[in-house]
Amino acid sequence: MEESVILREGYTRLRKTRAAFIGGLLALLVILIGVAVTLGSAGYTVGESYLAILAGIFPETFTAPDMADVIIWEYRLHRVLFAVAAGFGLAVAGSVMQGILRNPLASPFTLGISSAAATGASVAIVLGAGFVGGEYLIIANAFLFALLASAAIYGMARYRGVSSETMILAGIALMYLFSAVTSLLQYVGTAEELQAVVFWMFGSVGKSTWTKLGIVTLVLVCTIPYLIYRAWDLNALAEGDEVAAGLGVPVERSMIVFMMIASLITAVIICFTGTIGFIGLVAPHITRMAIGGDYRTLIPASGLVGAVLLLAADSIGRSILAPQVLPVGIVTAFLGVPFFIYLFMHRGDA
Amino acid sequence: MVLLMVEDLSFAYRDREVLSRVSFSMDAGEILGLVGPNGCGKTTLIKCIDGMLTPKCGRVVLGGQDLGGMHRREVAREMAYVPQSTGNQTASTVFETILMGRRPYLNWTVSPEDEERVIAALDLLDLGELAFRKVAELSGGERQRVMIARALVQETKVILLDEPTSNLDIAHQMAVMEVLHGLAEEKGLAVVIALHDLNLAATYCHRLLVLAEGSVYGYGAPGEVLTPEMLESVYGIEAVVKQDLPAPYVVPVRPGQLQEGA
């Protein structure tokens, strides 16, 4: 009797810790957004920035100081929110891939999806060929190639039997293939084209617009609640295919659905940003170390960690060498790798 | 009362037949040991019973109901499966890992009743102290108890276990088998266990089913099944089977040693 009370309290405490972690991250993110929008040539304080944001939403109630609302809404806020959405989505996609493939290294990068997107962009940049013309050529190519890669992984896995090994091996093989194609295109391209490809591959949220933000947000809103809804199946799959099957999960079908959703989220983000690696790999790990692996909380918490990391990296990239802007893909690695290694080395018995 | 019935079950991977016309039936409270050499089809049989693999022909009937037409979630409420230990590396705690056994019943939230069952299983398997440790940090024997606890909270009538005692020392092997024996008796569960250790099987199982190359070589009480002839023809070894203890036990001997002694 006594023990059952202790156990029940223990589980309640675990849940509270998780809620607090998510709450803390949300607060941190809101503060970070306020700070991030102050960055730029026109200097505003954090207070003025919040006021400008609110003035855009409630023009009747709030008024922003000189031009702040225009500058922040037209030039800064969508970039900041795009970083938030991209970080959130990449982290969620990474957490799902790591779970169903039961591999700590699984991420859009290691599965060839990012390199396929880079190939798609290179085809557009170097050959000018693509499925959609005009200003969306590069974006559409990157998106479609990323989906093509996941379809190829799916096809190979179906042929060989859906399992984490086949998916990972197929993904790694594809990664090398697409990298080789991209290298070939860089080799034959002109100096300007080469520069454009390399710059695309750095990854940046600098080309965001409200429309692009809307598209990404729409995809996230349509997919992430479904992933959270199926958190128990993800929990079971993370324990192993056989365990999941024994617990009544339709394993093959679920793996494919989750894989496709994670690929879609990744594709819709990186087609606008270029390859931003690492977030998808590291954010779920940080979250797992902090609050454990229950996907009901792991998904939203990983997303928030990813959003905070990417926004912080972008803000640092914008300010450290201002007015020069460092691409966020580079800063994420510089910022995230030491942090990740620190966590990893000190995990111990915490 | 027959609880589980397996009729004429055959299974093939592409054209290689792995199981051929396996039949047996089990009563509530019975422990059946599946024995046989490596690759004889024990794991395949367990997966066919649980419906993870679709048999080529034959059927599995549980409490009068054919499992063939059942949804996976429904099967998971009738039968729990404990796969061979894989040393998982997830970040889950013992409590949450066991809670996963409630998946066939859970919607999304965890009810106080679900928690209650987990707590009862923790208590039964003496895991209370470890409840909020990570499974990855546990020893082999502790981890095996967690897997059994997870199967228990599934509240099924049948539990299938694939070599639950591999990697355990003799004391932990016996501890695990004692738990399963107790569960079969107290809760009237039918327990199917694939085992390599014939003496452990003879000590704890009510009946043994010997598989050889996918077919049933022998089926019955340990005393009837464990014979020098069976060991010779199924495993290709010479052995003496002693009957001077409550359960028969097998003493293998080196080739030719028996004749020398005689």
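1. Helices (H or I, at least four residues) and strands (E, at least two) are DSSP runs, numbered from the N terminus. This is a predicted model, in which local features need pLDDT of at least 70, side-chain atom pairs count only at pLDDT 80 or more, and totals for chains, interfaces and linings use all residues. Residues are numbered from 1 along each chain as its sequence is written, while chains are lettered from A and ligands numbered from 1 in the order in which they are written.

2. Start with α7(A). This helix covers residues 191-202 of chain A, 12 residues in total. The expected span of a helix is 1.5 Å times one less than its number of residues. Just after the helix, A:G203 takes a positive phi of about 85°.

3. Which residues of α7(A) are buried? They are A:V197, A:W200 and A:M201. A residue is buried if 20 or more other C-beta atoms lie within 10 Å of its own, exposed if 12 or fewer, and partly exposed in between, with C-beta atoms placed from the backbone. Seen down the axis of α7(A), the buried residues fall within an arc of 95°, so they line one face of the helix. The arc is that of the directions from the helix axis to the C-beta atoms. On the other side, A:A191, A:E192 and A:V198 are exposed. The cover over the buried residues of α7(A) includes α4 (113-127) and α6 (164-188) of chain A.

4. Next, a helix pair in chain A. Helix α8 (residues 210-229) and helix α13 (residues 295-319) pack at an angle of about 150°, with axes 8 Å apart. Axes are lines fitted to C-alpha atoms, for helices over the stretch in contact, and angles run from 0 to 180 degrees between N-to-C directions. α8(A) and α13(A) are therefore roughly antiparallel (over 145 degrees). A:I224, A:L227 and A:I228 of α8(A) meet A:R296, A:I299 and A:P300 of α13(A). This contact divides into five nonpolar residues, no polar and one charged.

5. Now the interface. 30 residues of chain B are in contact (C-beta atoms, placed from the backbone, within 7 Å) with 26 residues of chain A. On the chain B side, the elements giving two or more residues are α2 (72-78), β6 (79-82), α3 (94-99) and α4 (112-124). That side holds 16 nonpolar, seven polar and seven charged residues. Ala, Val, Leu, Ile, Met, Phe, Trp, Tyr, Cys and Pro count as nonpolar, Asp, Glu, Lys and Arg as charged, and the others, Gly among them, as polar.

6. Two residues of chain B other than glycine take positive phi. B:D126 has phi near 60° and sits in the loop between α4 and α5 (140-153) of chain B. With 13 other C-beta atoms within 10 Å, B:D126 is partly exposed. B:R21 has phi near 45° and lies in strand β2 (residues 16-27) of chain B. B:R21 counts as partly exposed, with 14 C-beta neighbours inside 10 Å.

7. Last, A:I71 in helix α3 (residues 68-101) of chain A. A:I71 is partly exposed, with 19 other C-beta atoms within 10 Å. Its C-alpha lies 22 Å from that of A:V328, 257 residues apart along the chain.

Note on methods: Two residues are in contact if their C-beta atoms, placed from the backbone, lie within 7 Å. Angles under 35 degrees count as roughly parallel, over 145 as roughly antiparallel, 65 to 115 as roughly perpendicular and the rest as oblique.
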